[in-house]
Every structure is written in structure tokens, then in C-alpha cells.
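Please look over the model below before reading on.

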Amino acid sequence: MRIRTPAALQVLRTVVIADDESSMRLLVHATIESDDYCVVEAADGAEAWAMVQKHRPALVLLDVQMPGRSGLEVLRLIKADPTFAATRVILLTAKAQETDIESGLIAGADFYLTKPFSPLDLLTRVEEALQL
Amino acid sequence: MALEHDGRERRGRPARQAWSLRNYMSLFMVVLLGVAGLAAFAVRSLAEMDARHSAGEDVSFASQRAAQQLQAGFDQIAAVSGPLASDPSMAIVFADPSKCHFGYAPIGAFATGHIDLVRFDGSVVCSSPKSPDTTSPTYEGQAWLVTPQPVVVAPIKDPVTGNQVVVVSYPVPGHGALAWFLDLAPIGPKLASEFGSGVHQLEFLVTSGDGRTVVSRSIDPARWIGRNVSGFVSGSAPASQPDLNGTQRIYGRSTFDPVGWRVYVGADEAAALSVADQLSNRSLAIIVVGVGLMLLVTSIVYRRIAEPVRRLSLVMRGSTAGDAVKAVGTTGATEVTNLARDFDRLMATVKHELADRLTREQKALVSERNYRLLFESHPQAMWLYDVHTLRFLKVNDAAIDRYGYSREEFLAMTIKDIRPPQDLPKFLELIATPQPQLDKTGPWRHRLKDGSTVQVLITSHSTTFDEHEARLVLAEDLTESQQLELELQQSQARVEANAELSKAKDEMVSMVSHEMRTPLASIVGFAELLVTRKVTPDQRAEYLGVMLQEGRRLTALINDFLDLRRIEGGQLTMRFAPADIKALIKRGVALIADPEGVPIQLRVPSNMPLVRIDGDSIFRVVANLLSNARKYSPDGGEIVVGAAVVADMVEVYVQDQGLGIPADALSHVFRRFFRVDNPDRIGIKGTGLGLAICKNIVEAHGGTIGVESDGLGKGARFHFTLPLARETARTGDVLVVEDDSGFAHLLQAELTGLGLSSTWAADAETAERLMMRKIARAVVLDLLLPGLQGEAFLDRLRIEHGAGIPVVVVTQKDLDPAESLVLYKAGVTAILRKGPGMAETAARMIAKSLTAESQAAELATG
């Protein structure tokens, strides 16, 4: 887990990135890296849920396939808790099947990106999600 | 006594006769009567003894008392008379009789008598009863008159009274005597009256000191006093003897004799014994009553038990019809009645069961007949065969009609005989595997007696027939429509199989595409970032590093995947050759070992037999397992790789002390893309195909692969088995030492074309082991070998086997002249550079050198 904390923490919005692949975390982190966000990383589902509870982020970027708790499970936990009503979730997945996308959206994800994705697309989605 | 002897029940045992209850009871009664008789006799004897004893005691006592009384009487007389006689006043009395006043009072037993003063001349001075005639010499001449001492004389007839008396005389000096005349007759009765005659009817008898003269007797004294009885003698101990009248008496005698008399007392023996009789009679009466009661009880017991039991047994034996309870009646004891009731109940149950069984057996009989009919007259061919011998046990008529064999011919054959020979292997394979209880197979071809074949469907099921494990077979002729249906089924099965295959392929594709997306996402994503953003040099380096790493990962994934497909599809050609597993494992260790980490322990005995493997593939397995062991030991635990002969295989194992595998994942680790789902291994990357490839390779060798782990954090032990190279394998004419299996294969083909046999060794270590076993006539040697190099092998070959073996070197190595020179010096026939056509050239050179060698040998021998 890496936390990059800019100076003015209070005004920043926290984003949690959860992916078991370090290269993917690095890519996502590098893509959305800016002075506007405080980025927190998690390497599996359980850690992701712990980070979400601890940092109460504005946005969670969830990989669907992770050891421990899957991204979909973490998503359901977030959506089941009314105090996270304002928390936005973007799912990242290597699964290309439409059924997976549907189940992700039904579970309450705001956006859904299929690997490989364009970092620029990701950035757009992040900004859109945070403006919702 | 009627003894019942049941020989059937006691068969084979020493005869021990069983008695009926009646006999036991008779015996009991006899014993009872015997005991009663003995008791009566004993009582009687005891009573008699007792009576005698009691009579004896009585007489002893009575005689003693009687003697004492007599003595006391005499003593009293003496006490009075002595002083009186010697008194001086006596002279006055003698002088004047009128002064005499005597009176007689009874003294003890002496009831009557009188006292007289008598002068020497026998005349009486004075007398107690009356005043006598003092002048007549009444007692003249009596001896007791002139005695100087007091005397007692008896018996004497008193001249005055005429009674038999005892005279007790005391001399009165100078005058005469003082005489007591005591009547004898009353003494006996007086004594007797004192004791009473009692039950013993005592007789008192006093005799003179010699026992000859009766002094007095209690019975009939008048008759007996003074009578001479010639020697009535009896000791002091009581004894039985006849009395004076001849009556039997038990006599006792006093221990002393008063004034010299004997005192006897006799008890009537008959009277004494009659008491004993009475006593014993009473006892006898009690015994008789007792015996009577016992007999009564016995007869009741007999009536209540023995008789009902007898009746019950009659009913049980069936000689009397009817209910046991009724037969026993109300007179039986409770136990017997209960027994009878139980018996009735048992009989009722037995009857019921019997009836049931009869019904069942009848039903079974009927059903068996039905089934036999079903078998015999079934329109389709049926038979039973023994599953062990495969012989026909029974055939039905339809089978005989259809197949043309007679029943005898059938029973002499096995079921193999009705199959066409070409179908036999398939058939034997089918029956070699355990057949299900009910099986439907076919179509099969069966041969008829006329040589033609028919297509049949077989329905069979396991059964038991005449103690044979058998199968009942129904052979149905395949009709045209059935044939069509069958073909349809088969084509459907093919379609299904194809569908399954394509489904599996789809899954595979989906899985692979998924696995590829992650590295691709990194590569594409970072590439886009590099293209669209301004990045610092550090970031650029980092991004490019990730892209390279992910790109390599993608390549490995694709390679592994393709390899797996090739191995699974059988497209990867395995070239099996004998190999030294130790050398192979050593190379694996050298490849994987981390020079800075914990060294990998090698535990392979040097005398391991050669294994028959595709060296490249097995090397890959070993390397993969070793690399996994390193990867999953992030903290650098010890890794051990070893090999051992287990049964007829060689087992290779790789053991680590790393992260381990949870029990529920053990069976899945060889599945494609399976990853143990645990956070402790998040950073560890792999294609997810390595173990699946290993499994395929090992199984292609006829071996098995497995894994054990005690759980997370406890390490894991992977192991696989490999077949041994047959020891009898021929080394052949030529040994090909070549690590490139393709080129080795080509060379072997060329050598075969020239009529030369060959063996391939993929490394120099294996080649050495093969040469040790059997020496090849020539060697084709590659120099660039894994492990031991070609030059070193050549040196050792020359040392071990001399210079006679032709060696052709075929190598890709660029040799400088000095190196070539060294090789030629070592006796290399030729050095060829690997390339197209070189296999053929090398083969021909080997053939040529061998021909020259054999010619030289012929010359030498010729």
C-alpha cells in the first residue's frame, strides 16, 4: 500500500485503487495522479474494504478478480452501507463477457472499464464519476 | 424300576441312564422308609439302654439307702443297749423284776419286735410287750445268752412269738443278757415302702454275710425268711440276673454290709424295659406319622408335577392330541401349567411359521417353474455362463435354434468361441474389467455354427447359478431399425463429444484471453501514457520497465499455452531415450539456483538406474518445480531435490519450506490458471500453466505427479515418477551423444538406413553410463552438451575403453586449429560441422570406419 499525501489533505478527495497486479495499480495511479486526489492502494479485496472503511473515499477503482474478496463483493459491501451512498465505484475487469458487465452494473457500479483500457478513458470516467 | 434310556440324544457319550421322575420318587420313598426304620431301631436301642441305666442307678441308690437305714437301726440299738446293759442298776432289776419297765418303739426298718432281760438259764426277767413268766426258761440253751460280747444272731425263730427274728444281745455281767428280738418279716416291706415300688417294682433282699440265708425280703417275706438260697451273689455294679422266684431283675448291692448282712435291691427288668418300650413306641409313632406325611407330600408333588409333565410330554410327542394346557389340567403346579401354556404358544407360532414357509416354498416352487419356463421358452437366445471359466452353464432353445449348436456342443464351449477372432481382444478387455450388475452392450458380432456372423445386442446381469458366479445373457438380434438407431446414437455421441470439445476450447480461449488482458492492459496503458503525456525520465524508465516485464510475461504465457496445447494434443513429439536422472537434476539445479540464496540440496544416489525419458521435457518439469519452490519460498527456506527408486519407477521430488498449499487446494494445483487464493502470494507471478504442463509431460511418460503440503506456511513437496530404462536395452552398434533430439533422431534414421543399430544419449553422463553397461562399436559425439562436455567425455572414453572405438564429432562449435588438433590426437575419425546433410555424412563415415575395422579384424584373425 502506498499513500501519496499532498500537503492540503483536507480539501483533497480520496481515491482507493484496488488491484492485485502491481503493474495495474501503478498504471492507474500514474493515470489519475494529480494534486486533486489523495490516492490509496490496496492489493486484495479485504485490504480494499479496510481502506474504504478507513479513508471513506470519494471514489473506488475496483479490479473484479482479486484474491480474498472479489471486486464485486467489495462493491456489494459498499452499496449495502448507506453511509457510503456518496462513494462512487468504477470496476476494472479482464472479463469481457457482457454478463459480467451487467452483474457489475446491477451491483451498483457507476462505470465499468475492460482491460486493456485507455488511460485517457479512465481519467475521463474518474472525473465524470466524481462530478456525479 | 423302569429306566428310560434315550440313546438318540446321548449318542456318542458314555451311557448314563436317565431316570424318570417316577423312579426318582420311588427311590426317594425307599430311602425315606429305610431312614425311618433305622431311626426307629436306634430309638429303641437307646431307650432300652437308657432304661437299664436308669434302673441300675435306682437300685444302686436304693440298696445304699437301705443298708444305711439298717446300720442306723443297729447303731441306735447299740447306743441305747450298751450303757443300759452295763448299768449297775441292772442287778436291781434282775433282783426285782417288778422294777422292770421296757417298752418297744420301732427303730428304723425294725417295725416290730420286743426287748427282754434274760437270765442265763433262759428265763425272762422282764419283757417289753408284757410282763413275762419269769420262771420258765424260755430261751434256755440259746447261744447268744452266754456271750461275753454283744452279738447279733439271725435268723432265729422267736420261741415266744414264733416269728423269724434277729436277736441283738448285750451281756449283763453276772446276770444274763439284754436281748432285742426284731421281727425280720417287716424289714423288706418297710424298706420297700420307704422307696415305693415305682416303675421299677423294686425288690429289697437282705441276706446273711455269705449270701446263703435270706434275712428278709420285700416280696413274700414270710415264705423266704430263713430260706437257704444257695449262693445268691451279685457284685456291687448293677447286673441282670433272675431273682428267687426266677423273675429277671437288675440287681444292685450296697457298698457296705450292715452287721455283716448283704443288702440287695433288684428292679424288675421287664418293667424297666416296658418303660423304654413305651418311649420307643411313642418315637416310632412320630416317625410313622412323619413318613406318612412325607408320602402324602410326595404323592401330591407327583400328582401335581410328574403326572402333568408326563401328560405334557405325551402331548409334545404327539401321542396324545390336544392342547397342552388341557392335558395338564388344573392339577398341575404353576410352573408346569406355565410350561404347557408356553408350549401351546410355541406350537401355535411354529404352526404359523410352518404354514407360512410352506406357502412361501410353494410360491417359490411355482415361481421357479415360471422362471425356468421364461428362460427355456424365451423367444430370444439366452444363456448362463460362468464368469471365471467363461463356460456356458445353460442355454435355452432359442439359442440352440439361432446359433445352430446342439446343447451338448454349447456346454462344451466358452463364450469366447462364439466371437469372431478379430473381436476377441475387445471382448476380453470388456470382461477383464468388473462388469456392472446389469449391463447392456453391443452391438457385438457372434459367429453361428455355419460360419456366418450376426449382429446382436447383449443384455446381461450377474447372478448365481449352481454355486457358480454366473451371468445371465440375453442376445437380441439387431434389427435394421435398431441398427439405424444405433448409428444415430453413435453419431449423436460424436456430435456431443465435438460439442464438449468445442466448449472446452471456448473456455480455454476465454481463460487465455482473460489472462492475457492484464499484461496487455499494462503494456497498452503505459504506452498510451508515454505517447500522450510528458513524463520525467524516471517515470519513462519505470513505465518502460513495467511494459518490458509484462511483455515478457505475455510471451511466456503464449509459449506455455502453445506448449500445453501441443502436449495435450499429442503434437509434441516425445523422443524417449535412456537418461541419467542425476545429471539432469544437477543441470536443473544449476539453472535455478540463486548464487546468493540458500543452496539447493541435492539428494540423488549416484547408483540410480537409467530412466527412459524425453530429456528436454523432463528437464523442463524439474526446472519448473525448482523454480516454483524458489518462487514460493520468499523468505528463502531450504529446498531439497532428490530421487529414489520406488517400486519399478524412479521418484523425483522437490521439497521446499515455503508458503505451502492449503488442503482444499491440493487437488487443484495442476489445473490450468489455478492460483492459490491467499494474500501471502500476491506478488508472485506466473503464467498459471507450469504445473499443468508438468502434469501432461509426466503423464506422457507413464508416470504420475503429486503434491503434499501440511498447509499454509508449512512448505510443499512435489513428486513425480518416471519409468526405468530397460536393462536389456541394446546399446547397439553406434552411440549417439547429442543434446539436440531432432538431429539425434535424424542421425539414428540415417544409421538405420545403413544397417546400423544405434542408441541415443542426450548427455555425456548418460552416454558414460551406457558405455559402462555395453560398449558401442562407434560413437557420434556432439561437443556442446549440457553438463559434461564432449571433449571431457572423449578423454574418459579413451581412458576406459582404449583407442579402438571410432568417434565422429558433429558440432556447431567453432573450433580453432588447436582445439581440432587436440581432438584428432584423441583419435577422432572426423570433425563435422552441424548443418544440412551432415547427419547423412556422419552416418556414412561411421559405417565406413566400422567396415575398415571389421576388415582389419578379419585380417588379424585370418
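Guide: Residues are numbered from 1 along each chain as its sequence is written, chains are lettered from A and ligands numbered from 1 in the order in which they are written, and side-chain values use heavy atoms, without hydrogens and water.

Visitor: What pLDDT does chain A average?
Guide: pLDDT is the predictor's confidence in each residue, from 0 to 100. In chain A, 83% of the residues score at least 70, and the average is 82.

Visitor: Over which residues of chain A is the pLDDT below 50?
Guide: Where pLDDT is low, the predicted coordinates should not be read in detail. The stretch in question has three contacts (heavy atoms within 4.5 Å) beyond near neighbours in sequence. It is residues 5-10 of chain A.

Visitor: Which side chains meet in a salt bridge?
Guide: A salt bridge is a side-chain nitrogen of Lys or Arg within 4 Å of a carboxyl oxygen of Asp or Glu. Between chain A and chain B the count is one. At 3.0 Å, N to O, the pair is Arg553(B) and Glu21(A).

Visitor: Which element gives the largest share of the side of chain A that touches chain B?
Guide: Elements here are DSSP runs numbered from the N terminus: helices (H or I, at least four residues) and strands (E, at least two). Those giving two or more residues to this side are α1 (22-32) and α5 (119-131) of chain A. The largest share, seven residues, comes from α1(A).

How values were computed
This is a predicted model: local features need pLDDT of at least 70, side-chain atom pairs count only at pLDDT 80 or more; totals for chains, interfaces and linings use all residues.
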